[in-house]
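Have the structure open as you read.

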Amino acid sequence: MPGLNGLLGMGANALATFQRALAVTGQNLSNVNTPGYSRQEIVLAEGIPEDAIPGQLGTGVVATQIRRSIDTFVEAQLLTSRERLGQFSASQNALTQIQTVFADSNDQGIAASLNDFFQAWQDVATNPADLTSRTVLLSKADVVAKRLNQAATQLSAHRNSLDGQILRGIADINTLAGQIADLNGKIKLAEVSGQQANDLRDQRGRYLNDLAELVDISTLEESDGQVSVFVGVGQVLVTQQTAFRLAGVADITNIRRSGFFLRCRSSSSASARSPSRCRSWNSSSTTQPAPSRPRSPNSLRVRTPSVRKRICVCGPACCSNRT
């Protein structure tokens, strides 16, 4: 039979274990409204028994780990949903701005002006000698010209605004990539020492969801807890504790429309790579490609409303070559 000290020790150990369980419960309650927080639970197990007569005697209860209650399938579906949300939100914002340019729903836009213009032509065709009809036609033509010029000016302003959004999106992507790489190192350090980096994993999950709203991504978790992030068709954005940076440059294939495509740089150096290594056309040719050429597999779309904005990501092999 265990002695009195053994019984008291077993009781003290049980109280300490359930005190940890209450701390975990308090953590869950205090973070019930925290975005990205995953509920945690403490795993209890029997203590190592002691040999005795007529058989082994238990030594109480122990806490083996504090684990996150997550469903990896649901997490993957959530990441995909955030990608689609980012895409549709960007399209909605851009199309809403463009809709105000044409104002066709109020019968005051280009379509209404064109209808009046062609109606004036019909009046002139019916009565060519009527000076009033000809004057009205010239007036309607002037209105159409002004409406088209005004729409062109507004669309150009919207394009410049979208280009600015792209540059801000690039900055956000680079920031999130750096934060994910930093968390990779912290998670690895914590879990190698036998701890569960639950809160760090939740924080990294929030950054991944935010990144998915900006650009298409896929992830792969390594055995040491670090996650690699790929964009586009498998180009590396984050690997272990290294993050590659994206940079926006003018797209010479779309220079008349002030388009942009992006190329990447390693976060370990501020020097730009050779442009010929990352262009979306054949790097061995200096000739500008025709606009109808297919998009390079190294280019990807950033979460931006403009369909002519691309990102070109070359991965660590390409980005390691410096000019």
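The lining of the largest pocket is made up of eight nonpolar, seven polar and seven charged residues. Here Ala, Val, Leu, Ile, Met, Phe, Trp, Tyr, Cys and Pro count as nonpolar, Asp, Glu, Lys and Arg as charged, and the others, Gly among them, as polar. This is a predicted model, where local features need pLDDT of at least 70, side-chain atom pairs count only at pLDDT 80 or more, and totals for chains, interfaces and linings use all residues. Residues are numbered from 1 along each chain as its sequence is written, and side-chain values use heavy atoms, with hydrogens and water left out.

The pocket's volume comes to about 610 Å³. Of its 22 lining residues, Arg 68, Ile 70, Glu 75, Gly 205 and Leu 208 are the closest to the centre. Helix H2 (72–102), H5 and strand S3 (217–221) each give two or more residues to the lining, and H5 gives the most, with seven.

H5 covers residues 198–212 and reaches 21 Å from first C-alpha to last, close to the 21 Å expected at 1.5 Å a residue. Leu 208 is also among the H5 residues that are buried (under 20% relative accessible area, 1.4 Å probe, protein chains only).

Now for confidence: pLDDT, the predictor's score for each residue from 0 to 100, averages 75 over the protein chain, and 75% of the residues score at least 70.

| Residues | pLDDT | Contacts beyond four places in sequence |
|---|---|---|
| 257–301 | under 50 | 125 contacts |
| 304–323 | under 50 | 85 contacts |

Note on methods
Helix = DSSP H or I, 4+ residues; strand = E, 2+ residues; numbered from the N terminus. Expected span 1.5 Å × (residues − 1). Buried < 20%, exposed > 50% of the residue type's maximum accessible area, 1.4 Å probe, protein only. 1 Å grid on protein atoms, 1.4 Å probe; cavity = no way out; pocket = protein on both sides within 12 Å on 5 of 7 lines; lining within 4 Å. Points joined across faces, edges and corners; volume = space filled by probe spheres on them. Contact = heavy atoms within 4.5 Å.
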